[in-house]
Amino acid sequence: MQWTGVRLSEIFSRSRPFPEAHALQFVSAEQPYIDYLTMDQALLKDVMLAYAMDGKPLSREHGAPLRLVIPDMYGYKGVKWLNRINLVPQAGAGYWENLGYDRDAWVGRSNGYGA
């Protein structure tokens, strides 16, 4: 899959969040789905807000109109149907973390892998 969108690092290179903002809360239009990234995670080079996949606008199934894409993390961190982003003091537990998944969802190093 090839994603098209805006990198979060680009957004934050043009803005100055309040110093107490150390994390981002991503809120889906599909309630109660939310998730969090630390500011360091959000600023990784490939993290983006995607609006197209493989040269075509996102379909509803893939999270249209906007979804979070984090290539280095498992898909449950990629919030679909993104409705809002809130800057918050710290990362909380998202939907899947409240069900027992790891907060840091690094591919190959989380959820029992690479231990």
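Modeller: Buried means under 20% relative accessible area, exposed means over 50%, and partly exposed lies in between, with a 1.4 Å probe and protein chains only. This is a predicted model, in which local features need pLDDT of at least 70 and side-chain atom pairs count only at pLDDT 80 or more, while totals for chains, interfaces and linings use all residues. Residues are numbered from 1 along each chain as its sequence is written, and side-chain values use heavy atoms, with hydrogens and water left out.

Colleague: What makes the contact of D35 with K77 a salt bridge?

Modeller: The rule asks for a side-chain nitrogen of Lys or Arg within 4 Å of a carboxyl oxygen of Asp or Glu. In D35 and K77 the closest N and O atoms are 2.8 Å apart, so the pair meets that rule. D35 lies in strand β3 and K77 in the loop between β6 (67–69) and β7, 42 residues apart. Strands here are DSSP runs of E with at least two residues, helices are runs of H or I with at least four, and both are numbered from the N terminus.

Colleague: Is D35 buried or exposed?

Modeller: D35 has 1% relative accessibility and therefore counts as buried.

Colleague: Which salt bridge does E97 form?

Modeller: E97 pairs with K77, and the closest N and O atoms are again 2.8 Å apart. E97 sits in the segment after β7, 20 residues from K77. With a relative accessible area of 10%, E97 is buried.

Colleague: How many salt bridges does the rule give?

Modeller: The count is five. Another one of them joins the side chains of R7 and D46, at 3.5 Å from N to O. R7 lies in strand β1 (residues 3–7) and D46 in the loop between α2 (39–42) and β4 (48–53), so the pair ties together parts 39 residues apart in sequence. R7, at 35% relative accessibility, counts as partly exposed, and so does D46, at 30%.

Colleague: Why is the pair of Y33 and Y95 called tilted?

Modeller: Rings of Phe, Tyr and Trp (its six-membered ring) pair if their centres lie within 6.5 Å; planes under 30 degrees apart count as stacked, over 60 as edge-to-face and the rest as tilted. The centres of Y33 and Y95 are 5.3 Å apart and the planes stand at 35°, so the pair is tilted. Y33 is in the loop between β2 and β3, and Y95 in the segment after β7, 62 residues apart.

Colleague: What makes Y95 and W96 edge-to-face?

Modeller: Their centres are 5.2 Å apart and their planes 85° apart, so the pair falls under the edge-to-face rule. Y33, Y76, Y95, W96 and Y101 form one aromatic cluster.

Colleague: How do you know that β3 and β7 are edge strands?

Modeller: Two strands pair if DSSP finds at least two bridges between them. The open sheet has three strands in the order β3-β2-β7, with antiparallel pairing. β3 (34–38) and β7 (82–88) each pair on one side only, which makes them the edge strands. Strand β2 (residues 23–28) pairs with β7 over six bridges, and L24 stands opposite L87 in β7.
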